[in-house]
Protein chains: 2
Amino acid sequence: MQLDNRKKEVLHAIVDDYVSTNEPVGSKSLIERHSFNVSSATLRNDMAELEHLGLIEKPHTSAGRIPSDKGYREYVNSLMTIEELTPREQLEIEKRIDSSVDEVTDLIKNATHTLSETTGFVSLAMSPRLKKSFLKQLKILMIEPGKALVVMVLSAGVVKDKVVRIPNFLNDEQIMKISGAIEKHLTGKPLDEITLVTVESAGKNTDVPEPLLKQVLYEAYAAIKQADELNIYLEGEHRMLSLPDFSSLGRARDLLGTLSDSGMVAGYVNEMENAARELGNDDSYMIRIGQEITLEGLDDCSFITATYNLTDSVSGNIGVIGPKRMLYSKVISQIDFVKKKLNEEMKRFT
Amino acid sequence: MQLDNRKKEVLHAIVDDYVSTNEPVGSKSLIERHSFNVSSATLRNDMAELEHLGLIEKPHTSAGRIPSDKGYREYVNSLMTIEELTPREQLEIEKRIDSSVDEVTDLIKNATHTLSETTGFVSLAMSPRLKKSFLKQLKILMIEPGKALVVMVLSAGVVKDKVVRIPNFLNDEQIMKISGAIEKHLTGKPLDEITLVTVESAGKNTDVPEPLLKQVLYEAYAAIKQADELNIYLEGEHRMLSLPDFSSLGRARDLLGTLSDSGMVAGYVNEMENAARELGNDDSYMIRIGQEITLEGLDDCSFITATYNLTDSVSGNIGVIGPKRMLYSKVISQIDFVKKKLNEEMKRFT
DNA sequence: GATTAGCACTCTCACTCTAAGAGTGCCAAC
DNA sequence: GTTGGCACTCTTAGAGTGAGAGTGCTAATC
């Protein structure tokens, strides 16, 4: 995209004005609001050119221009400058991040909440991808005949558990043996290297009768697999209803309908993460604008995420879904700052 | 409320027609749609009377009538007849209730989901009130120096845990001793009879140095208290946006805004439950209509809940928030049937 | 070649006006 | 107590209008 300097400034100004006023921007009001040292006719020529390039568009013939998805993309990639949050804003966020919680999950939920409150948009976070974390402890506790609890402590400081069914006849001692054997053989192994075969061979030399043993091992395996399932936390969906961008009930309905399927949103966040890795993206954030988002009903939204790290190899995402018409530089710094604080807090757990 | 038979029929018909058409009901259309053997002028007199009694109202001078909150209340209390679901509808619900889950929480979430899908409204469930359930097991597992996991098995078949901080110097053996002592003394005690004093006296004769011991006991106590905290599961908020009753964005915003504060909703459900108990209500459901609901933004809603039982003394609520203008008899049977299925499934856990 | 002033043209938006339609309340008669 | 009749009220949809904002084009100017 080769744009001369003035055209860049014009696009920049159009995005800024449109974001702040939510009105299509005309050549005259551009002149009024900014100090271009040319006439409105000249800007009209520039604007025609920008429209020709697909960076801005008109809602109708006699309206001003609004940025297209491509225009926002250009703005985000090349034009905007990201400013640090003011100390005051930073303090506001720091106050909200609760550093007294004892579980990583609570910390993440807390950060999600903070992000929704500060941006005023929908915020979301994925639970950490635990595939690369390894087992530090695994205990099977008898709850009652036929039922046991598998408790796992993972290297990333995360505790997971799952209630499982076991054969009725098994006693405490037998369960302890199996539990001990699994722990002994699998401690230190990353979750994604643990398969049903690994678990079965770990329990091999326990003197528990074969079919019973096998069932317990299977359940233990299922518990381990469940531990690395991804969760997503979404918050602040209702905030979208207060934005003029979603004053049409239809759009709002489509948007909230899509967001209610949290599994789908989680899948999309993963897709973004993977795409960024493949591209070797070195930005601290990922961004998708308007139609770039393949989820239904998010055409008028932008989706911004960042990656937090629990350990070097265990990470997750945190981000925001807001209207396309947002103050990108501000929102990006907010996400970035929350992520930074989250990373700091997470050191306590590992 | 003494109404002669025809007036009752008129109110019944107005509610029915308004619920199905979402249009104010006029005297003429009442005659057309129902076989009253009188003229529209007579109905107009009856309607004037019903309006005088505050049971129906006019949106404006020349519109038909719509039921008032009081009218709906009369309808629900005295006029409607609740019909059983058809076998087909029952099957639909049975298919959705997943009987393979191993944890009570999952079962409840599943029932909530089912209820939202079948009614098309917002559904909600409260976690069981565990105050009256008693401790069956309590184990403290060392996770790493300074950190432990308190695992509790409760009489109602529920497993709870909490990560807690403990003094760094404590070793596995000391923790086991404390854990054993607590379990020995508190097993069988209902949660609401366990106080900090009880826990402290339970751990008294452990030979662990005083200040360290005290901290662990306090954390164990905190874990027990956290176990009986109430959770609420809300689902299907976005469905309200598809209803004509919330086609005004303002109303929709207020409603979803209120629902986003799940703690507040949970408090309200508790209040309903307590009020019903005090009144010795023997209905299988509780219902609040329009302004009877003290939550902001729910003026156009009705709130219906039922009580499920995990054990004789451990119960929770499940219900629906929908528009006032709903098919009460149908929705009530749906809630009732889901509750019944839920109760049946819960027997597996206790 | 870039910039500008001027102007005709287009489209939206807010307003007003109007007629149709639905429903009511009341009165006098049955 | 019930009914037919009728004047009255209020909403809604549609049509028409003028103001306002903005554009694109042309011809002149720097």
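**Exercise 1. Classify the burial of Tyr72(A), then characterise the aromatic pair to which Tyr72(A) belongs.**

Solution. Tyr72(A) has a relative accessible area of 2% and is buried, because buried means under 20%. The model under study is a predicted one.

Next, consider the partner. Tyr72(A) forms an aromatic pair with Tyr328(A), with 5.8 Å from centre to centre and 55 degrees between the planes. Planes under 30 degrees apart count as stacked and those over 60 as edge-to-face, so the rest are tilted; the pair of Tyr72(A) and Tyr328(A) is accordingly tilted.

Then locate both rings. Tyr72(A) belongs to helix α4 (residues 69-79) of chain A and Tyr328(A) to helix α12 (residues 328-346) of chain A, so that the pair links parts of the chain 256 residues apart. Tyr328(A) is likewise buried, with a relative accessible area of 1%. Over all chains, the structure holds six aromatic pairs.

**Exercise 2. Determine the geometry of the pair Tyr218(A) and Tyr221(A), and state how far apart the two residues are in their helix.**

Solution. The ring centres lie 6.2 Å apart and the planes stand at 50 degrees, so this pair is tilted. Both residues are in helix α9 (residues 210-227) of chain A, three residues apart, and are therefore separated by about one helical turn. As for accessibility, Tyr218(A) has a relative accessible area of 43% and is partly exposed.

**Exercise 3. Identify the residues that touch the most other members of the largest nonpolar core, and list the contacts of Tyr328(B).**

Solution. The largest nonpolar core has 224 residues, of which Phe303(A), Tyr328(A), Phe303(B) and Tyr328(B) touch the most other members. Beyond its neighbours within four places in sequence, Tyr328(B) contacts Tyr72(B), Tyr75(B), Val76(B), Met80(B), Ile287(B), Ile289(B), Ser302(B) and Ile304(B). Another core, of 14 residues, lies apart from the largest one; among its members are Leu149(A), Val163(A), Leu149(B) and Val159(B).

**Exercise 4. Describe the packing of α5(A) against α12(A), and that of α7(B) against α9(B).**

Solution. Begin with chain A. Helix α5 (residues 87-96) packs on α12(A) with the axes 10 Å apart and an angle of about 45 degrees. This angle makes α5(A) oblique to α12(A), and the crossing is right-handed. From α5(A), the contact involves Glu89(A), Gln90(A), Ile93(A) and Glu94(A); from α12(A), it involves Lys330(A), Gln334(A), Phe337(A), Val338(A) and Lys341(A).

Turn to chain B. The axes of helix α7 (residues 172-186) and helix α9 (residues 210-227) come within 11 Å and cross at roughly 50 degrees. The two helices are therefore oblique to each other, and their crossing is right-handed. The contact is formed by Ile175(B), Ile178(B), Ile182(B) and Leu186(B) of α7(B) with Leu213(B), Val216(B), Leu217(B), Ala220(B) and Ile224(B) of α9(B).

Conventions. Residues numbered from 1 in each chain as written. Chains lettered and ligands numbered in written order. Predicted model: local features only at pLDDT ≥ 70, side-chain atom pairs only at ≥ 80, totals over all residues. Heavy atoms only, no water. Core = buried A, V, L, I, M, F, W, Y, C linked by side-chain atoms within 4.5 Å. Buried < 20%, exposed > 50% of the residue type's maximum accessible area, 1.4 Å probe, protein only. Contact = heavy atoms within 4.5 Å. Phe/Tyr/Trp six-rings, centres within 6.5 Å; stacked < 30°, edge-to-face > 60°. Helix = DSSP H or I, 4+ residues; strand = E, 2+ residues; numbered from the N terminus. Axes fitted to C-alpha atoms, helices over the stretch in contact; angles between N-to-C directions. Parallel < 35°, antiparallel > 145°, perpendicular 65-115°, else oblique. Left-handed = near helix turned anticlockwise from the far one by under 90°.
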